[in-house]
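My entries follow the structure.

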Amino acid sequence: MSAPTRRLTTAQALVRFLSAQYTERDGVRRRLIAGTWGIFGHGNVAGVGQALVEYADVMPFHQGRNEQSMVHAAVGYARQLNRLSAQAVTTSIGPGATNLVTGAALATINRLPVLLLPGDYFASHAPDPLLQQLEHPVEADVSVNDTLRPVSRYFDRITRPEALIASALQAMRVLADPAETGAVTLALPQDVQAEAYDWPEEFFAERVWSVRRPAPDPVELTAAVEAIRSAERPLIVAGGGVHHSEAEAALKTFVEATGIPVASTQAGKGSLRHDHPADLGGIGHTGTAVSDDLARTADLVIGVGTRYTDFTTASGTLFQNPDVRFLNLNITGFDAHKLAARTLVCDARSGLELLREALAGHRVSEAYAAEYRAGKERWDEVVEAAYRAADDSAVPTQTQVLGALDAAVGDDDVVINAAGSLPGDLHKLWRSRSPRQYHLEYGYSCMGYEIPAGIGVQQAAPGTPVWALVGDGTYLMMPTEIVTAVQEGLPLNIVLIQNHGYASIGGLSEETGGERFGTAYRFRAADGTFTGAPLPVDLAANAASLGMEVLRAKTVRELREALAAARASDRPTCVYVETDPAPTAPPAEAWWDVPVAETASREAAVAARERYDRQVAGRRRHL
């Protein structure tokens, strides 16, 4: 007697399969693929598009306006839910598919799961070349989707219906694996999408993917305990892995038992509440003075779930104690071995809990604790000064915008940002009150991320106020998902800061001898120079034309009122404010390596190279 089968198209089978996949961790079960974003064209409309109509009762569909934006929305969703649930993105072939590349890179770099389903050429090669097909003279099996290979954690092109069975299972394995996750791509030739096949019923059975919490190796744990006990000035660097593992409570308990202070990366900020005595704020190039001062003298740096990017290490110049050593607790061996560290390859929560038990009774000296607490108090005064406005009727500075927002949000509001000068100001100054309040995408630092990611967060956490912070440069990159927020009825809040140019890159250009060339939005004169007059562009009117309620704020007082009104609103709302362009954030406490021209005739570049040579001389190789 033959096993039961079901005759479906490949696309129908894929949608049915995805609707039956779940994750489970700590007894909590979630849909692995909770919904699908899509923009349809000839490469997916008759395949995946028809399947989504066929099974609309089991697979929610969300309509996007830009393929890259859809990936950003899915990434925001997955991050908000600690990688335990994800979304899929379907596109046509050609530009729809290649528009996925930036979003895929962002997802993989940040270790966040998203399933990509781009259309592809005919597997049969019947119409050849077809519309939007890339013709390669010596590799006939290449398509534009191959651009997704290096930015995907798993990639396959499904050239036969039955090939989907093994590939779909591998795709789910990668998405649910905390050490492997990232973008997963299943390229779907459009003829195969529509081809029918007799699928085994077992393929559609409910399947639960266990999200592991691996414990540390006993030998590694013993060595880690010895390293901590012998350290006099240990410092924890909390990365995004603390959040992904939901290890915030374990970190708090560990810190309160040992007295070891915590500095945070962009992804790890909020691992402790800002007012915890051991929370020192951000670390590295955009870090706080107290974090960076302690990092320079630390004899043991304990990385928990961090990748140690160049911003975190100040391009190898931050950890200057001649005797400094590293202990890295990470779920991937790849990251755990960085900086020639002792390794503790395990889940963040499991590792911290076992470390705390093994270190029972061990604490740092009271003198060390008093030192970092005093440094924290001094930095709190810096934050207050940056947030404070002496005149409520004045045009606000960017840091005063953050101060007004700090006063308006509740503990569980989510603040989203990714690029420009805001990430540095936020990392130094923002006072995180809950684990998910601070949502910075700084692995890829992708302009245009904030608005679509805000939609994804809103989907993942209905009823939670969400704030997308964008400068004028970022806004112009990708405002189109405002229409999606309006269509979906999501009360997303946008804080749109207008300073008429690329503030962050303008400052970097000046520092590195580029003289702010090409970084301002100004009229170009006949001689090629830029005048001082800003462009007559009304971004607030643009947001209103896309369906948002827009509140314009010209003063600090009006800004506070507008933020309060936006938070109380039940519809998508934009708070638009032009800021005083004078920098008011504290200067960088540590270096960042951006190479400067070694030879130049212009004085600015010559001076910049002299500064660069002095800084780069302090770089260390930790071996």
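A salt bridge here is a side-chain nitrogen of Lys or Arg within 4 Å of a carboxyl oxygen of Asp or Glu. The model is predicted, so local features need pLDDT of at least 70 and side-chain atom pairs pLDDT 80 or more, while totals for chains, interfaces and linings use all residues. Residues are numbered from 1 along each chain as its sequence is written, and side-chain values use heavy atoms, without hydrogens and water.

I then checked accessibility: buried means under 20% relative accessible area, exposed over 50%, and partly exposed in between (1.4 Å probe, protein chains only). Asp146 counts as buried at 18%, and Arg149 as partly exposed at 40%.

Next I looked up Asp411 and Arg433, which form a salt bridge at 3.7 Å, N to O. Asp411 lies in the loop between helix 16 and strand 18 and Arg433 in the loop between helix 17 and strand 19, so the pair ties together parts 22 residues apart in sequence. Helices (H or I, at least four residues) and strands (E, at least two) are DSSP runs, numbered from the N terminus. Asp411 is partly exposed at 39%, whereas Arg433 is buried at 16%.

Last I turned to strand 12 (residues 234-238). Is it enclosed or open? I noted that 5 of its 5 residues are buried, so strand 12 is largely enclosed by the rest of the structure. Pro234, Ile236 and Ala238 point one way from strand 12, and Leu235 and Val237 the other way.
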